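The paragraphs below go from the chain as a whole to its core, and then to one helix and one of its residues.

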Amino acid sequence: MGARVAVRITTTVSENQTVLKVDGWLKGDAVGELRRTYRSIPTPTVLDLSDLQSPDREGAALLRELLSVGVELRGTAPYMELLLRTKH
């Protein structure tokens with residue numbers, strides 16, 4: 001059996017913003033991949049989490065960090081909103 005890909009990050013750039021669409025499970029090496037991708041983007045960023053299955057603890061911490069620096073979240077499931085906005 002082949003290796004299972006935990007996450008796919010798709011980048012869409014327009015004049016005034018960049019959308020990062022996160023598909024799958026945000027865990028392990030995928031957390032670092034999202035961090036590197038975010039840091040490489042010069043324009044304001046939107047995270048589309050409509051196809052995010054679940055983050056692990058480190059993934060949730062990164063999402064909270066990005067939220068705290070002003071990254072806009074879109075397509076966030078209600079349970080994910082609760083998870084990200086709850087103090088840990």
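Helices and strands are here taken as DSSP runs, with at least four residues (H or I) for a helix and at least two (E) for a strand, and they are numbered from the N terminus. Counted in this way, the protein chain, which is a predicted model, has 3 helices and 4 strands, and their order along the sequence is β-β-α-β-α-β-α. The radius of gyration of the protein chain is 13 Å, close to the 12 Å that the globule rule gives for 88 residues, so the chain is as compact as a globular protein of that length. Along its principal axes, the C-alpha trace spans about 40 × 35 × 20 Å.

Turning to contacts and surface, residues 24 or more positions apart account for 64% of the contacts in the protein chain that have a separation of 6 or more. Of the 88 residues, 38% count as buried, while the chain exposes about 5,700 Å², of which carbon and sulfur atoms supply 53%. The charged side chains comprise 12 positive and 11 negative ones, and the centres of these two sets lie 5 Å apart.

Which residues have the most contacts inside the largest nonpolar core? In this core of 20 residues, they are Leu34, Leu47, Leu49 and Leu63. At least two core residues are supplied by each of β1 (7-13), β2 (18-26), α1 (29-39), β3 (45-55), α2 (57-68) and α3 (78-85), and the largest share, 4 residues, comes from α2.

Why does Thr37 count as buried? The cut-off for a buried residue is under 20% relative accessible area, and Thr37 counts as buried because its relative accessibility is 17%. When residues up to four places away in sequence are not counted, Thr37, which lies in helix α1, touches Ile9, Thr11 and Leu20.

Definitions and conventions
Residues are numbered from 1 along each chain as its sequence is written. This is a predicted model: local features need pLDDT of at least 70, side-chain atom pairs count only at pLDDT 80 or more; totals for chains, interfaces and linings use all residues. Side-chain values use heavy atoms; hydrogens and water are left out. The radius of gyration is taken over C-alpha atoms; the globule rule is 2.2 Å times the number of residues to the power 0.38. Buried means under 20% relative accessible area, exposed over 50%, partly exposed in between (1.4 Å probe, protein chains only). Contact means heavy atoms within 4.5 Å. Accessible areas come from the Shrake-Rupley method with a 1.4 Å probe; for residues, only the protein chains shown count as cover. Lys and Arg count as positive and Asp and Glu as negative; His and the chain ends are not counted. The place of a charge is taken as NZ of Lys, CZ of Arg, CG of Asp or CD of Glu. A nonpolar core is a set of buried Ala, Val, Leu, Ile, Met, Phe, Trp, Tyr and Cys residues joined through side-chain atoms within 4.5 Å.
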